[in-house]
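Please read the points below with the model open beside them. They run from the overall form of the chain to single residues.

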Amino acid sequence: SDPLLASAAPVFSQIAHAWANAEWKWLQGTVNAERGLVREEARRMQHLTERVAEAERQASDAIDFADAKQLQVLELEAKLQITNKSLSVGSSKAKLQGVLGQVVH
């Protein structure tokens, strides 16, 4: 075997080892950076999930409020119909009394 090649082998081995070590560190850094991105994305998704839950709660509250207002409107409409019928009956009664009064006199 070539003595020059034999003497260079440890240097090439060190270069290869240093290269592999640098590549390993680069890969670890890349993986750690990706983990950081994943953690950040998970935090962002958690924040969005919380915001969606809050929006759903507010929408539910708004629907409950609208339902309560609709019930109030229906109650008022029912009272108004009763009042209108009472007025109608009262008006008819007054007209009838007026007619009876004319007939009697």
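1. Basis. The model is predicted; local features need pLDDT of at least 70, side-chain atom pairs count only at pLDDT 80 or more, and totals for chains, interfaces and linings use all residues. Residues are numbered from 1 along each chain as its sequence is written, and side-chain values use heavy atoms, with hydrogens and water left out.

2. Overall form. The chain holds 1 helix and 0 strands. The chain is more spread out than a compact globule, because its radius of gyration is 44 Å, well over the 13 Å that the globule rule gives for 105 residues. The radius of gyration is taken over C-alpha atoms, and the globule rule is 2.2 Å times the number of residues to the power 0.38. Along the principal axes, the C-alpha atoms fill a box of roughly 150 × 15 × 10 Å.

3. The helix. Helix α1 spans residues 3-104. Helices (H or I, at least four residues) and strands (E, at least two) are DSSP runs, numbered from the N terminus. As a check on distance along the chain, H17 and G101 are 84 residues apart in sequence and 123 Å apart in space, C-alpha to C-alpha. H17 has its place in helix α1.

4. Burial. Of the 105 residues, 1% count as buried. Buried means under 20% relative accessible area, exposed over 50%, and partly exposed in between, with a 1.4 Å probe and protein chains only. H17 counts as exposed because its relative accessible area is 59%.

5. Surface. Accessible areas come from the Shrake-Rupley method with a 1.4 Å probe; for residues, only the protein chains shown count as cover.

6. Nonpolar patch. Which residues form a nonpolar patch on the surface? They are L5, V11, F12 and I15, with about 400 Å² of accessible area together. Patches are made of residues with over 30% relative accessible area and no salt bridge; like charges are joined within 9 Å, and nonpolar side chains (Val, Leu, Ile, Met, Phe, Trp, Tyr) within 5 Å. V11, in helix α1, is partly exposed at 44% relative accessibility.

7. The structure has 4 salt bridges. A salt bridge is a side-chain nitrogen of Lys or Arg within 4 Å of a carboxyl oxygen of Asp or Glu. In the bridge between E40 and R43, the closest N and O atoms are 2.9 Å apart; for E41 and R44 the distance is 3.0 Å. R43 and E40 are separated by about one helical turn, because they are 3 residues apart in helix α1. E41 and R44 are likewise 3 residues apart in helix α1, so about one helical turn separates them. E40 is partly exposed at 41%, E41 at 36% and R44 at 42%.

8. Salt-bridge network. E54, R57 and D61 are linked in a network of salt bridges. Within it, the closest N and O atoms of E54 and R57 are 2.6 Å apart. These two residues lie 3 apart in helix α1, so they are separated by about one helical turn. Both E54, at 33%, and R57, at 43%, count as partly exposed.
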